[in-house]
Amino acid sequence: TSGRIGVPAFLVNNPGDCLRIVGIAARSGLDPFMLADDAHDVNKRMAFGAKAIHAIVQSSGVLDGDLRLTFSGNGEALTATVTGKRRGGQTHTETYQLATITTRNSPLWKQQPRQQMGYYAIRSWCRLHASDAGMGLVAREDPAIDALAEDVTQPPTTLDKVSAALAASAGPVD
């Protein structure tokens, strides 16, 4: 946990989060350092890129074969279709359209829309049809992760500040 460039900064001297990475990697058969490279600290939550979520689900053993990704259309009409089969279960196909995606936090949405659509579609398919393999994983692209942010416009309240405020509002004692 004391790497300089081989470990993301938020993991340096952070054994608890490193242990979480190692645990996820061990359960899914992935290299913990490669998984750590796609882990991020987003609003004090460990979040993963779509590549990591895909790798975790793909290597978990819940799928029968690989996910298949196809594209059609251009511009806002671009769609990505993901098809995958659960082991011992049925095949699921989901299609996602660029025009319906309101949160686009990466500049790559303009530069490489097919790549971003692929990430989005695979991550969404995995959540919908293989949540048991990726349970609890948060994606750094999730719009809901913003709701986890602390209000940094106000300083944190401490017990001393609360006590002082209460004493001041009580006024003089007769």
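Buried means under 20% relative accessible area, exposed means over 50%, and partly exposed is in between (1.4 Å probe, protein chains only). Keep that handy for the exercises below.

This is a predicted model, where local features need pLDDT of at least 70 and side-chain atom pairs count only at pLDDT 80 or more, while totals for chains, interfaces and linings use all residues. Residues are numbered from 1 along each chain as its sequence is written, and side-chain values use heavy atoms, with hydrogens and water left out.

**Exercise 1. Work out whether glutamine 116 is buried or exposed, and find what it touches.**

Step 1: Glutamine 116 sits in helix α5; helices (H or I, at least four residues) and strands (E, at least two) are DSSP runs, numbered from the N terminus.

Step 2: apply the cut-off. Glutamine 116 has 7% relative accessibility, so it counts as buried.

Step 3: list the neighbours. Leaving out residues up to four places away in sequence, glutamine 116 touches Ser106, Leu108 and Trp109. Contact here means heavy atoms within 4.5 Å.

**Exercise 2. Check the span of helix α1 (residues 15–28), then sort out its sides.**

Step 1: the expected span of a helix is 1.5 Å times one less than its number of residues. For the 14 residues of α1 that should give 20 Å, and the end C-alpha atoms are 20 Å apart, which agrees.

Step 2: pick out the buried residues of α1, which are Cys18, Ile21, Ile24, Ala25 and Ser28. They cover an arc of only 125 degrees around the axis, so they are on the same side of α1. The arc is that of the directions from the helix axis to the C-beta atoms.

Step 3: look at the other side of α1, where Pro15, Leu19, Ala26 and Arg27 are exposed.

Step 4: ask what covers the buried residues of α1. The cover includes α2 (32–37), β1 (39–42), β2 (45–48) and α3 (50–59).

**Exercise 3. Describe how α3 packs on helix α5 (residues 113–129).**

Step 1: two packed helices are described by the angle between their axes and the distance between the axes. For α3 and α5 the angle is about 40 degrees and the axes are 9 Å apart. That makes α3 oblique to α5, since angles under 35 degrees count as roughly parallel, over 145 as roughly antiparallel, 65 to 115 as roughly perpendicular and the rest as oblique.

Step 2: find the contacts. Ala50, Lys51, Ile53, His54 and Val57 of α3 meet Tyr119, Ile122, Arg123 and Cys126 of α5.

Step 3: name the buried residues of α3: Ala50, Ala52, Ile53, Ile56 and Val57. Viewed down the axis of α3, they fall within an arc of 165 degrees, so they line one face of the helix.

Definitions and conventions
Axes fitted to C-alpha atoms, helices over the stretch in contact; angles between N-to-C directions.
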